[in-house]
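The sequence and the structure come next, and the description follows them.

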Amino acid sequence: MTFPPWAENHALQSLNTLGVPSVADFFVSVTSAEELSAALSRAAQQTLPVLVMGEGSNLLLPSRVKGLVIRNLITGIEKAGEDENSVQLTIGAGENWHRLVEHCLARGYAGIENLSLIPGSVGAAPVQNIGAYGVELESVFEHLTAVEVGSGRQTVFSRADCVFGYRDSIFKQRLKDKFVITSVSLRLSKTPAVNLGYPALRNHLLHNHLLQKDAGLDSITPRMVSEAVCAIRRSKLPNPDEIPNAGSFFKNPVVDETQFTRLQQQYPDIVGYPHKDGQTKLAAGWLLEQAGWKGRLEKGLGFHRDQGLVLINPGHHSGEAILAFVSRVQADIVQRFGIQLEIEPACYLPSQSCP
Ligand code: FAD
Ligand code: NAP
């Protein structure tokens, strides 16, 4: 069997949605488990660090990526099981996420319609437990299969093993860059119960007369939810093909009751939502807007005018320049509100500079 050759000094600018100029020492795309194994064992022989990427929509890259970048293009969507109420799908990590959503909608499988139009690959979805409009991947997740980078050993991770959190999992923490996810298994419902708990979604349906006030949700289908989510997202979010961005650049910070009460006294309009264990999740977009960052651009780098949490990089600044800009923003938010904003995209600059 022949394996795809590695490219040397490979440009990654068109492969990351932030449009950051970056060059990998070595680069290879893999389309099967065999190709992945071969790439991993050759990297191990040469003691090269490995960075696996999907569609590059949640990455902050340095100007130079040392070692091997593996682009996961392993595809396939298979029905692995079915009962009266649900179906289990096993999906290749390189499948496009929204294509999977469309696949499910076409077959009447419900559960991920609120996650419509999230850019990226299926394999990256568990990495940050993707979430939007009141639903997180975790709610449909069964298990995933991954290959350990150093040993090439295949491992199955259950939901508990993944340690999912708010835009978080073990693959963003202790096991960052230690495993390559090759497939993800999800359980979808054949008897849909739509989730309209997110006010912006419900309001969109009401506004478009698809939902009547005080009426039940029986008339609302997963397809209608997906269309509503797509319409809202298209109206608010910059398309990375037109304006380079990686979605929300900061996580919404979670604070305890005492801190929230103190902030509320100082800023009565502060936006916060109940989180687990009595904590409050603050809208980072609100903090940035109050501090005057929303819509501010400095030489082609700044925050989007309609969506203040989305950092945009039309000037194609480097990862290093983005981090320098972002640390000024973070210092400003600490000074004003006493809150440290945490970067959401996976940061591959030296660890001491990735806050
Ligand atoms: P990449 O950016 O390629 O990689 C991200 C991280 O995952 C890296 O650390 C990488 O090493 C790791 N990774 C990727 N593939 C694998 C694999 N096979 N095995 C192991 N590790 C892997 N996110 C949300 O949660 N909700 C949203 O609503 C949302 N909206 C967005 C809107 C826009 C416009 C953009 C640009 C981004 C948005 N995001 C959102 C972020 C992004 O879409 C998701 O995080 C997505 O899952 C990233 O997929 P990717 O394939 O592009 O991952
Ligand atoms: P929005 O509706 O303007 O709301 C702002 C923030 O408030 C969101 O981040 C959301 O948190 C939170 N929020 C709103 N209503 C909530 C509720 N009832 N309960 C709990 N939290 C609530 O947000 P938006 O920026 O347009 O994004 C819409 C959805 O798409 C959000 O879920 C957001 O996470 C997701 N999104 C994510 C990214 C990304 O890159 N991660 C990019 C674009 C959009 P949550 O973020 O926790 O939902």
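Two strands pair if DSSP finds at least two bridges between them. Helices (H or I, at least four residues) and strands (E, at least two) are DSSP runs, numbered from the N terminus.

## Basis of the description

This is a predicted model, in which local features need pLDDT of at least 70 and side-chain atom pairs count only at pLDDT 80 or more, while totals for chains, interfaces and linings use all residues. Residues are numbered from 1 along each chain as its sequence is written, chains are lettered from A and ligands numbered from 1 in the order in which they are written, and side-chain values use heavy atoms, with hydrogens and water left out.

## The chain as a whole

Eight helices and 19 strands make up the list of elements in the chain. The radius of gyration (taken over C-alpha atoms) is 21 Å, close to the 20 Å that the globule rule gives for 355 residues, so the chain is as compact as a globular protein of that length. The globule rule is 2.2 Å times the number of residues to the power 0.38. Along the principal axes, the C-alpha atoms fill a box of roughly 60 × 55 × 35 Å.

Of the 355 residues, 50% count as buried, where buried means under 20% relative accessible area, exposed over 50%, and partly exposed in between (1.4 Å probe, protein chains only). Contact means heavy atoms within 4.5 Å. Among contacts with a separation of 6 or more, 62% are between residues 24 or more positions apart.

## A hairpin and two open sheets

Strands β6 (residues 77-82) and β7 (residues 86-92) are antiparallel and pair over five bridges. G81 stands opposite Q88 in β7, and a hairpin of three residues joins β6 to β7.

One open sheet has four strands in the order β1-β2-β5-β3, with mixed pairing. Its edges are β1 (7-11) and β3 (50-53); each has a single partner strand, so one side of each is left without a neighbour in the sheet. Within this sheet, β3 and β5 (residues 64-72) pair in the parallel sense over four bridges, and M53 has R71 in β5 as its bridge partner.

Another open sheet has three strands in the order β13-β18-β17, with antiparallel pairing. Here β13 (245-248) and β17 (302-303) stand at the edges with a single partner strand each, so one side of each has no neighbour in the sheet. Two bridges join β17 to β18 (residues 310-312), and F303 has L311 in β18 as its bridge partner.

## Nonpolar cores

A nonpolar core is a set of buried Ala, Val, Leu, Ile, Met, Phe, Trp, Tyr and Cys residues joined through side-chain atoms within 4.5 Å. The largest one has 47 residues, and W97, L100 and L186 have the most contacts inside it. At least two residues of this core come from each of β7, α2 (97-107), β10 (141-148), β12 (179-189), α4 (199-207) and α5 (222-236). Apart from this core lies another, of 35 residues, among them F260, A291, V329 and I343.

Which residues does L100 touch, leaving aside its neighbours within four places in sequence? L100 is in contact with I77, L89, I91, I112, V122 and L186.

## A buried loop residue

S57 lies in the loop between β3 and β4 (59-60). With a relative accessible area of 17%, S57 is buried. Leaving aside its neighbours within four places in sequence, S57 is in contact with T17, P119, G120 and A246.
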